[in-house]
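Welcome to this guided tour. Please open your viewer, and we will go from one stop to the next together.

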Amino acid sequence: MILLDDCLSPHVVMPQRDHIRLDWREPYPTLERARSVAWTCWCRATVYELCEGGGRAFVRRTLQLDDGHQVYETSTWPIGEARAIWTALLSGRAR
């Protein structure tokens, strides 16, 4: 069992009532050389990653299921805009 005090990565808080809904899609190879630059803790069933590459960025959502993983991604944005979305996601203003 993992105690939240032992976690090093942030956790996503509950969505606020007026949160922005992100459009989640099946992954597509738009940024083949993208790398994860920030992520949430793996102790939760849903893990989010901020991925950047080539001046663009997107958010990846991985659902950790008993029978495998399901991965979804947002469309790409300029890096500054994606980082703002990432902050909104962590604070419950986006989901």
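**Stop 1: a threonine in a loop**

Select threonine 40, which sits in the loop between strand 1 (35-39) and strand 2 (46-53). Helices (H or I, at least four residues) and strands (E, at least two) are DSSP runs, numbered from the N terminus. Before going on, note that this is a predicted model: local features need pLDDT of at least 70, side-chain atom pairs count only at pLDDT 80 or more, and totals for chains, interfaces and linings use all residues. Residues are numbered from 1 along each chain as its sequence is written, and side-chain values use heavy atoms, with hydrogens and water left out.

Is threonine 40 buried or exposed? Threonine 40 has a relative accessible area of 2%, so it counts as buried. Here buried means under 20% relative accessible area, exposed means over 50%, and partly exposed lies in between (1.4 Å probe, protein chains only).

Now show what surrounds threonine 40. Leaving out residues up to four places away in sequence, threonine 40 touches Ser9, Pro10, Val12, Thr46, Val47, Tyr48, Trp86 and Leu90. A contact is a pair of heavy atoms within 4.5 Å.

**Stop 2: the whole chain**

Zoom out and switch to a cartoon view. The protein chain has one helix and five strands, and along the sequence they follow the pattern β-β-β-β-β-α. The radius of gyration is 13 Å, close to the 12 Å that the globule rule gives for 95 residues, so the chain is as compact as a globular protein of that length. This radius is taken over C-alpha atoms, and the globule rule is 2.2 Å times the number of residues to the power 0.38. Along the principal axes, the C-alpha atoms fill a box of roughly 40 × 30 × 20 Å.

Of the 95 residues in the protein chain, 34% are buried. Among contacts between residues at least 6 apart in sequence, 53% join residues at least 24 apart.

Next, colour the chain by pLDDT, the predictor's confidence in each residue, from 0 to 100. The protein chain averages 91, and 95% of the residues score at least 70. Among the elements, helix 1 (residues 79-90) has the highest mean pLDDT (97), and strand 4 (residues 68-73) has the lowest (94). Where pLDDT is low, the predicted coordinates should not be read in detail.

**Stop 3: the salt bridges**

Side chains of opposite charge can pair when their charged atoms come close. How many salt bridges does a search of the whole structure find? The search finds four. A salt bridge is a side-chain nitrogen of Lys or Arg within 4 Å of a carboxyl oxygen of Asp or Glu.

Start with arginine 25 and aspartate 23, whose side chains meet in a salt bridge at 2.9 Å, N to O. Arginine 25 is partly exposed, with a relative accessible area of 39%, and aspartate 23 is partly exposed at 45%.

Next select glutamate 52 and arginine 83. Their closest N and O atoms are 2.8 Å apart, forming another salt bridge. This pair links distant parts of the chain, with glutamate 52 in strand 2 and arginine 83 in helix 1, 31 residues apart. Glutamate 52 is buried at 5% relative accessible area, while arginine 83 is partly exposed at 45%.

Then move to arginine 60 and glutamate 49, a salt bridge whose closest N and O atoms are 3.8 Å apart. Arginine 60 is in strand 3 (residues 56-65) and glutamate 49 in strand 2, eleven residues apart. Glutamate 49 counts as buried, at 12% relative accessibility.

**Stop 4: a leucine and one more threonine**

Select leucine 22, in the segment before strand 1. Leucine 22 is buried, with a relative accessible area of 12%. Beyond its neighbours within four places in sequence, leucine 22 is in contact with Thr74, Trp77, Ile85, Ala94 and Arg95. The C-alpha atoms of leucine 22 and isoleucine 85 are 9.1 Å apart, although 63 residues separate them along the chain.

Finish at threonine 87 in helix 1. Threonine 87 is partly exposed, at 45% relative accessible area. From threonine 87 to glutamate 73, the C-alpha to C-alpha distance is 16 Å, and the two are 14 residues apart in sequence.
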